[in-house]
Amino acid sequence: MDRFLRWRWSLYISLFLGWCCYYLCRKSFPSSTPNLIAEAGLTKDDLGVISSSFAVSYGFSKFFNALLSDHVSPRKMFSVGLVLSGIGCLLFPGSVSSIPISAALWFAEGMIQGLGWAPCAKLLKVWYPPSQMGMWWSILSSAGNVAAGTSPLLFTYLSSVFSWRVGFYIIGTITVTLGLVVVLTIKDSPSELGVELTFENSESEDSNKHKHETSPMLRWYSVMLYKDLWVVSVGYAVLSAVKTSVADWSLLYFMQVAGKPQAVAAACIGTMQFGAIVGLLCTGYVSDRVMTQRTMATKCPRAPVLLAISLLMTLCLGLFATTVDQHSSELWLSVLMFSLGFLTDGGVSMIGLISMEVVPTQISGSAHGLACALAQGLCPSWNSCIYLSIWAFHLGDNPLYK
């Protein structure tokens, strides 16, 4: 058992560092945009084309790679994604002289990024019991927030001391190296160590029906039959829409509606990442406690936690619509952003975990892919409506629009 615990820690540390590197590669472009404008001569339109190419490819990639995770080795999938993602960062500085090439390269980076989270989710479900999954899932999710908060500071420092290109080269080199290392530090399942784990409520009659289904079409058809998963997927889309809206529109919203300078608005929004990390940890801990106190026969033991998050999120959005104006203090705006970061990231993480728990292990990757596909598909079409509807409360009285 000591050997099992050592390998499990090796697995988790590798996933945490690897997910940080995935996120650093993903955030390398937006973190370097001021330097790309000032030094590389790119325009805002150029940056928009490159950024959009990533957004389009990542949504599709996350869906298809989640399906792929049920049929290939998660260890190899995670490692290959790290190596290719790092290579993309190494090549990007040399492509900025041609916008079509840069957009194509960053489109490919988006496709590669989809290789990251699917194997993480699959490995966590195999190695950890349901009563601990919430906390370990949340801590691993927070790696993305750590990287997202670190990336702008890292690129600012490196560009001031060396060059903006150095940031891409350093992150790319570290990511490629880690991708080669994790092949040796991750096992696909405890059975490779000769340990057979049977978690309570992890296998059922439904699970037995899928053990011999190896065809991707059969497994996909099996996933489509789970009504609970469709309910979860719709909830995933709603929470993702709120998260995306808050992240993308808050800066402009605070500047135009609350009349705050850009620096002040950015500082208020910075509290969202801190709130997200706290929310992930708290939500994971509380949901695990609920799992141990409620019967494991319950179809979705974490549902009360998700319901509480949804109600509080509704309250926070209502406060946005009714309290944010030119008289709002920076402290109040920071409190709102902290609260929304706490609730949105905690909720999205929780519902992503639930999407894997309502189905058997054999098709959990495909189930998570379906939930992500619905969330990624609906968000671009209507997430802006959330903030724009709140905006409508202020347009008539705001002197900025007179």
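Helices (H or I, at least four residues) and strands (E, at least two) are taken here as DSSP runs, numbered from the N terminus. The structure is a predicted model, in which local features need pLDDT of at least 70 and side-chain atom pairs count only at pLDDT 80 or more, whereas totals for chains, interfaces and linings use all residues. Residues are numbered from 1 along each chain as its sequence is written, and side-chain values use heavy atoms, with hydrogens and water left out.

On this basis the protein comprises 15 helices and zero strands. With buried defined as under 20% relative accessible area, exposed as over 50% and partly exposed as in between (1.4 Å probe, protein chains only), 52% of the 402 residues count as buried. When contact is taken to mean heavy atoms within 4.5 Å, residues 24 or more positions apart account for 83% of the contacts with a separation of 6 or more. The protein exposes about 17,800 Å², of which carbon and sulfur atoms supply 68%; accessible areas come from the Shrake-Rupley method with a 1.4 Å probe, and for residues only the protein chains shown count as cover.

The unreviewed UniProt entry carries the annotation "transmembrane region" for residues 9–29, 49–68, 80–107, 135–159, 166–186, 263–286, 306–324 and 331–354; UniProt positions are given in the numbering used here, feature names are shortened, and annotations may be inferred rather than shown by experiment. In the model, the span 135–159 is 100% helix and 0% strand, and its end C-alpha atoms lie 36 Å apart. For residues 306–324 the corresponding separation is 26 Å, with 95% helix and 0% strand.

A nonpolar patch on the surface is formed by Val-56, Phe-60, Phe-64, Phe-107 and Met-111, which together have about 500 Å² of accessible area. Patches are made of residues with over 30% relative accessible area and no salt bridge, like charges being joined within 9 Å and nonpolar side chains (Val, Leu, Ile, Met, Phe, Trp, Tyr) within 5 Å; a salt bridge is a side-chain nitrogen of Lys or Arg within 4 Å of a carboxyl oxygen of Asp or Glu. The elements that give two or more residues to this patch are helix H3 (44–68) and helix H5 (99–113), and the largest share, three residues, comes from H3. Phe-64, found in helix H3, counts as partly exposed because its relative accessibility is 49%.

Helix H5 also holds Gln-113, which is buried, with a relative accessible area of 1%. The side chains of Gln-113 and Arg-26 are joined by a polar contact of 3.2 Å, a term that denotes a pair of N or O atoms within 3.5 Å, where within protein one must be able to donate a hydrogen and the other to accept it, and residues adjacent in sequence count only if both atoms are side-chain atoms. Neighbours within four places in sequence left aside, Gln-113 is in contact with Tyr-22, Cys-25, Arg-26, Phe-54, Tyr-58 and Ser-85.

Helix H6 (residues 117–127) is mostly covered, ten of its eleven residues being buried; among them are Trp-117, Lys-122, Lys-125 and Trp-127. Tyr-128, in the loop between H6 and H7, is likewise buried, with a relative accessible area of 2%, and its C-alpha atom is separated by 8.8 Å from that of Arg-8, 120 residues apart along the chain. By contrast, Leu-153 in helix H7 (residues 130–161) counts as exposed at 62% relative accessibility; Leu-153 and Ser-31 are 122 residues apart in sequence and 8.4 Å apart in space, C-alpha to C-alpha.

Further buried positions occur in other helices. Leu-178, in helix H8 (residues 164–185), counts as buried at 15% relative accessibility; beyond residues up to four places away in sequence, Leu-178 touches Leu-17, Gly-18, Cys-21 and Leu-82, and the C-alpha atoms of Leu-178 and Gly-18, 160 residues apart along the chain, are separated by 7.0 Å. Ser-287, placed in helix H12 (residues 262–293), is buried with a relative accessible area of 0% and, with residues up to four places away in sequence not counted, touches Gly-134, Arg-302, Val-305 and Met-350. Asp-345 lies in helix H14 (residues 330–357) and counts as buried at 7% relative accessibility; under the same exclusion of residues up to four places away, Asp-345 touches Asn-145, Lys-243, Ala-276, Leu-280 and Leu-340.
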